[in-house]
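Welcome, and please open your viewer. We will walk through one protein stop by stop, with something to select at each.

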Amino acid sequence: MSSEESWHAARLIPTSGINGADEQERRATSALLAVMSAVREFGRVLTQPLGAPAAAVRTFIEVPFDLEGRKVIPDGLVRVVRGQRSWTALVEVKTGTNDLQKEQLENYLDVARENGFDAVVTISNEIPAMPGQHPTAVDKRKLRKVALHHLSWTEVLGEAVMQKEHRGVADPDQAWVLGELIRYLEHPRSGAMAFEDMGASWVPLREAIAAGTLRPMDKSAPEIALRFDALLRFASLQLGRRLGTEVTPALTRKELADPQSRMAKQVAQLVDEGRLSGGIQIPGTVGTLHVVADLRAGRVLCHVDLDAPKEGRPTTRINWLVRQLKDAPGSLRLEAFALHGRGAGASELLAFVRDNPGVLLVDPQKEIRGFRIEQSGPMGAKRGTGRGSFIDSVLGSVTGFYEEVVQTLKPWSATPPRIRPEEDFAPPADVPVALVSTAPSSQDGVDTIRMSGSLL
C-alpha cells in the first residue's frame with residue numbers, strides 16, 4: 001500500500017494532459033472565463049474597469065461568427081447585463097511566448113462592430129511599457145466604435161490573489177474555486193508565464209555600451225527601453241500581489257499622455273550614461289522607490305528619498321533616520337541634503353553613520369531638509385531568467401530594498417501640543433488674590449505669573 005504522502009489531491013482545473021499551445025490556450029481560456037462567471041467578486045473586478053456594469057458575468061468559449069463569408073471564432077465572449085444596459089466583449093487569449101496577431105485582432109474588431117458589441121479584450125504574457133497601452137498596433141479607425149483592452153496574465157493572477165487573500169470572497173465555495181484558478185495559473189504548464197526575456201536586442205545593446213558605440217538611432221536602444229519599462233510594470237504587479245495593494249510605475253502626467261517623451265528620455269540616458277531608470281509607486285510609503293540599471297558599472301541601484309524632521313538639531317534628525325534603519329544592512333548609502341543647498345549632499349555608508357552621525361554634516365549650522373537611502377547590488381547580464389540574469393537581479397533588488405528599507409520607514413510628524421495643568425497658571429500662595437492683576441493666559445509660564453505677582 002502506497003504512503004498517503006505520495007497521493008495527489010484532485011484539482012478542479014488540472015494541468016495534466018496539456019499537449020501543445022492550442023490545448024494550453026483553450027484550457028486557460030475556459031478556466032478563466034468559468035471562474036469569472038462563478039466567482040462574482042472576481043468577475044466584477046476584471047470587467048468593471050473595462051466599462052461593464054456591476055452585475056453577474058456570463059461567459060462563453062469559441063463562439064463562431066461570419067465575417068465577409070469567412071468563419072471567425074474568438075476564444076471567448078463575456079456578457080454583463082444590468083437592467084436595460086448590456087456590455088459584451090470578445091476575448092482573445094495567448095499563452096506561453098505566443099504573441100497577439102494584428103490581423104486576427106482587426107477581424108475581431110470588425111465582428112464586434114457589426115454585432116454591436118462594446119469591446120475586444122486580449123489576454124497574453126505581453127506586458128506593455130505603459131498602463132493602458134495595447135501591445136499590438138491595430139488600425140485606429142477600427143477603434144471608433146469598439147474599445148480594445150489588454151490584460152497580462154500577471155495582472156489576472158495578481159487580481160485573483162488580491163481578491164481572495166486581501167479583499168475577500170463572501171461565499172466559501174467560491175473562494176475555493178478562485179483558489180483553484182490561482183493554483184492553475186501559477187503552474188508552469190498553464191502557460192501563464194512571468195516576464196522572462198529582455199529580447200534579442202539585449203546582448204547587442206550591452207556590447208555597444210561597453211564599446212562606447214551606442215547611438216541614438218540604433219534600433220536596440222528603444223527596444224530595450226520599452227522592455228525595461230515593461231519589466232518595471234511586472235515588478236510593480238508582482239510586488240502589489242504580495243502586498244495586497246495596487247502598485248504602479250511612477251510616471252509623470254506628460255509621460256502618460258505622451259509615451260514617446262518617456263522613450264526619448266530613456267534612449268538619451270542610455271546613450272549618454274549607459275543607464276536605464278524608472279520608479280515604482282507604493283501606497284502608504286514615504287516616497288517613490290527609484291530603480292536604476294547602470295549597464296556600464298554592472299550595478300542595480302534602488303533608492304528612496306524622504307523629508308527630514310522639521311525640528312531638532314542636525315544630528316538629532318540624522319539619528320531619527322538611523323533608528324528606523326536599525327535592522328537594515330550597513331552597506332546602505334545615506335545622503336543628507338541641506339536646506340537651500342545645491343547639488344549632492346554629504347554621503348556615507350550606514351555602518352559609519354551609526355557610529356558617528358556627524359559624518360553626514362557638511363555644515364553643522366545648516367538645517368537638513370531631506371535624506372536619500374540607496375542600495376547597490378550586482379547586475380545580471382543574461383537576457384533571460386535564472387541565476388546571473390538581468391531580470392532576476394532587478395526583481396530581487398526591488399523586492400529586497402522594499403523589504404529591508406522602504407517598508408520600515410515612516411514620515412516625520414510633529415508631536416501634538418499637550419494641555420498644561422491648571423496648577424501652572426495658579427499664582428503663588430503668598431500673593432493675595434486682590435493683587436493678581438490679570439487672569440492667566442496661555443502665553444504665561446509659571447515664572448511669568450510669579451514675577452507679575454511679586455511686582456504688584
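In which loop is Glu-62 found? Select Glu-62 and you will land in the loop between strand 1 (57-61) and strand 2 (65-67).

Before going further, a word on what you are looking at: this is a predicted model, in which local features need pLDDT of at least 70 and side-chain atom pairs count only at pLDDT 80 or more, while totals for chains, interfaces and linings use all residues. Residues are numbered from 1 along each chain as its sequence is written, and side-chain values use heavy atoms, with hydrogens and water left out.

Glu-62 counts as partly exposed because its relative accessibility is 37%; buried means under 20% relative accessible area, exposed over 50%, and partly exposed in between (1.4 Å probe, protein chains only).

Next, select Glu-68, in the loop between strand 2 and strand 3 (70-72). Glu-68 is not a glycine, yet it has a positive phi of about 55°. With 70% relative accessibility, Glu-68 counts as exposed.

**Zoom out**

Now show the whole cartoon. The protein has 13 helices and 14 strands. Helices (H or I, at least four residues) and strands (E, at least two) are DSSP runs, numbered from the N terminus. Of the 456 residues, 45% count as buried. Among contacts between residues at least 6 apart in sequence, 65% join residues at least 24 apart; contact means heavy atoms within 4.5 Å.

**Helix 2 against helix 4**

Select residues 40-47 for helix 2 and residues 153-167 for helix 4. Their axes come within 10 Å and cross at roughly 135°. Axes here are lines fitted to C-alpha atoms, for helices over the stretch in contact, and angles run from 0 to 180 degrees between N-to-C directions. Helix 2 and helix 4 are therefore oblique to each other: angles under 35 degrees count as roughly parallel, over 145 as roughly antiparallel, 65 to 115 as roughly perpendicular and the rest as oblique. The crossing of helix 2 and helix 4 is right-handed, a label used when the near helix is turned clockwise from the far one by less than a right angle.

Show side chains next. Glu-41, Phe-42, Val-45 and Leu-46 in helix 2 meet Val-156, Glu-159, Ala-160, Gln-163 and Arg-167 in helix 4. By class, this contact of helix 2 with helix 4 has five nonpolar, one polar and three charged residues. Ala, Val, Leu, Ile, Met, Phe, Trp, Tyr, Cys and Pro count as nonpolar, Asp, Glu, Lys and Arg as charged, and the others, Gly among them, as polar.

**A buried methionine**

Which residues does Met-130 touch, not counting residues up to four places away in sequence? Go to the loop between strand 6 (119-124) and strand 7 (147-152), where Met-130 is found. Met-130 touches Arg-233, Leu-251, Glu-255, Pro-259 and Arg-262. The C-alpha atoms of Met-130 and Arg-233 are separated by 7.9 Å, although the two residues lie 103 residues apart along the chain. At 4% relative accessibility, Met-130 counts as buried.

**Helix 7 against helix 12**

Select helix 7 (residues 220-243) and helix 12 (residues 390-404), whose axes come within 10 Å and cross at roughly 40°. That makes helix 7 oblique to helix 12, and this crossing is right-handed. The contact of helix 7 with helix 12 has twelve nonpolar, two polar and one charged residues.

Ser-220 in helix 7 is buried at 11% relative accessibility. Leaving aside neighbours within four places in sequence, Ser-220 is in contact with Ser-201, Leu-205 and Leu-214. In helix 12, pick Ser-397, which is buried with a relative accessible area of 13%. With the neighbours within four places again left aside, Ser-397 is in contact with Val-300, Cys-302 and Gln-375.

**Last stop: helix 10**

Finish with helix 10 (residues 314-324), where the buried residues include Trp-320 and Leu-321. The buried residues of helix 10 pack against strand 11 (299-307), strand 12 (333-338), helix 11 (350-355) and strand 14 (368-378).
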